[in-house]
Amino acid sequence: MKLQGIDLDVARMGSGPPLLMLHGGDGPVAGMPFATRLAEKFEIIAPVHPGFARTRIPDHFDCINDLVYLYLDLLDKLDLRETLLVGFSMGGWVAAEMATMTTERLSRLALVNSVGVKVGGRDDRDIADVLAVPGERLAEIMFHDPSMMPDFADMSEEQLETVTANRMALGVYTWDPYMHNPKLPGRLHRVTIPVHFIWGASDGVVSVDYGRGFCAMIPGATMTVIEKAGHVPHMEQPDRFVEALLAFAN
Amino acid sequence: MKSWWFTEDCYPYLPDENSYRSIRVELPNIHCDPQKASELYNRYLDLWCAADELGLEIMVNEHHQTATCMVPAAPIMIGILARQTERARLLILGNPLPNRNQPVRVAEEMAMIDVISKGRLECGFVRSVPYEAAAANILPYKGTERLWEAHDLILKAWTTHDGPFNFEGRWYHHRQVNIWPRPWQQPHPPVWVTMGSAGTAVPVAEHDYVGAAFLAGYPRIRSIFRGYRDAYLAAHGKPAPFDRLAYLALCYVGENEREAEDGANHLMWYMQANKVAEQWQNPPGYHSPPIAAAVMRGVASPGIPVNPTLDQQMAHGNVFAGTPDQVYEQIKAFWEYSGGFGHMMIMGQAGFLSDADALKSMRLYTDEVYPRLRELTERSDPAEVAERSRAMANKESADLGNFGIEFVR
């Protein structure tokens, strides 16, 4: 799809009320089993952030707001209404920023192990530096069960290049200030639609406490913690993830 | 031919290598004894002053958060040398522009050094190596593009003399630029830029700057220099003179082979101590995805080779070592293969190499190798040397021939 002059990859599946799904730094998730299940109830619209999955990063893109405005335009272009906005990790950051700007086309907002704010003091590492942790540590912080982590050694050349390209795009959108916008907490009061946080209990990237701190910044927001899941509960506990999301959506 | 003497100013007193993951970025500075560091700084400054007295030129660089190089601010080192030396040209190679958020500040520092040294500054600009991303907290994405935009601003700051100007680019913004002092050299100090590939050589050649290659060795030197020469010819309509190209290698000259081997093995500390954890070698956006993938697999190293040995590095053309005759022949063979260059940059001190040994090599080089290299470039025609280089078959390594059969083992 052409949007803002950019060739934007948008996966669409299922039917029902619209669900705009924004993936995290590990790349698109629309092909995963949890998404297939959600497609039974929703029309899923899942754009690929430019730069991920071997798409091009537009020359003028260099911060999270570039995605925020891109997807506000996407909502307009598709004339989506009463949309359930779901964001994972950095996609949650994008979603939260969007909701502070306008909720006109949104019904609800679900944030899954989302980054975007700072909850601690300036010396606290609220968000693990995933761009600096050794490869073998990444599995431990991302997953409750580290064996879920794809083994880079088993990947084809092309798959590994996609991993490194995704990492580059993640860097472009989140490098500094790292994974958060210091101004966001002061704007979250503008989010007047229902907001629900879904969090993997064993997340080593952003802890449950971080999630609770983030949740407390949005009036009326609620939270479900999923046991035996890390940063990606939709992968590790897809059934419970879908259950939590559907409970919120209804 | 000009020769530039260089040391990275290492801090070699490290704990057991198995006790740390990376000498760069994360080695806690509890291992740095300020008293020892002070002694080292003063020793290295003395060596540079000796180079000045002997007739060599001076090169300084910078790295951050690493024991391999204790100079996080090259302008400070070169600022000291601007005052303490009399004669030598002072090359900073270089200022890591994408990691300096204020290019105008770089322009100011360089102008100041140029004025203090009465026009002896040679100013290098580099994109910087991957390990610097974490230390600078700068995403290395589009580093080359940012280097050239920062360069544009610096050149404009150096050459604008009629009051403040405005610069609002893609990456850098500065509204009232009017540096004091302005450079001594007019219109500006000579500029050097490092090149890692034929592609990165193109803008350097187009600007008529000195293009420098570090440790490119036989495997890469010809493509880089050829990229420069082709772009130079296209841009300027004449062959690139020798003085537009520079090569850096480790170099130790001894009175005999045994002495040379010993000295060269000391220099190898620079490569052998470079234990760097993968995540610091591969920050997002530094390498293109295929190269980043290769680094992840461990099949490519972004800079210094993995498990380097002296004989392998000599064969590659990254280390020149031997008696004066041998070193001259090694450099000459590499020079001819590369198509010729006018600047030999020598890493002449590293690790635990003593000052006495570093000085001995420096003297032997100056007295016995340098004159012959000068003569070689003076009597050669750049276009002919380049032509002969073009006709040579590809070489991955030097045939060290009879040089030090005993030595390289």
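**Close-up views of a predicted two-chain model**

**View 1. Aromatic pairs and a ring cluster in chain B.** Counted over all chains of this predicted model, the structure contains 24 aromatic pairs. In chain B, ring pairs join Tyr218(B), Phe225(B), Tyr247(B), Phe320(B), Phe334(B), Tyr337(B) and Phe341(B) into a cluster. As a guide to such views, a pair of aromatic rings is described by the distance of the centres and the angle of the planes.

**View 2. Lysine charges over tyrosine rings.** Tyr13(B) has Lys36(B) lying over its face, with a distance of 5.1 Å from the ring centre. At Tyr20(B), the charged end of Lys275(B) sits over the ring and is 5.3 Å from the centre of that ring.

**View 3. The largest cavity and its lining.** Six cavities of 30 Å³ or more are found in the structure, and the largest cavity has a volume of about 60 Å³. The largest cavity is lined by 13 residues, of which Asn99(B), Arg127(B), Ser128(B), Pro140(B) and Tyr286(B) are the closest to its centre. By residue class, the lining of the largest cavity comprises eight nonpolar, two polar and three charged residues.

**View 4. The interface of chain B and chain A.** Here 21 residues of chain B are in contact with 27 residues of chain A, and the two chains bury about 2000 Å² between them, with 58% of that area on carbon and sulfur atoms. Four salt bridges are found across the interface of chain B and chain A. A salt bridge also joins the side chains of Asp62(A) and Arg170(B), for which the N to O distance is 2.9 Å.

How values were computed
Residues numbered from 1 in each chain as written. Chains lettered and ligands numbered in written order. Predicted model: local features only at pLDDT ≥ 70, side-chain atom pairs only at ≥ 80, totals over all residues. Heavy atoms only, no water. Phe/Tyr/Trp six-rings, centres within 6.5 Å; stacked < 30°, edge-to-face > 60°. Lys NZ or Arg CZ within 6 Å of the ring centre and 35° of its normal. 1 Å grid on protein atoms, 1.4 Å probe; cavity = no way out; pocket = protein on both sides within 12 Å on 5 of 7 lines; lining within 4 Å. Points joined across faces, edges and corners; volume = space filled by probe spheres on them. Nonpolar A, V, L, I, M, F, W, Y, C, P; charged D, E, K, R; others polar. Contact = heavy atoms within 4.5 Å. Buried area = accessible area lost by both parts, 1.4 Å probe.
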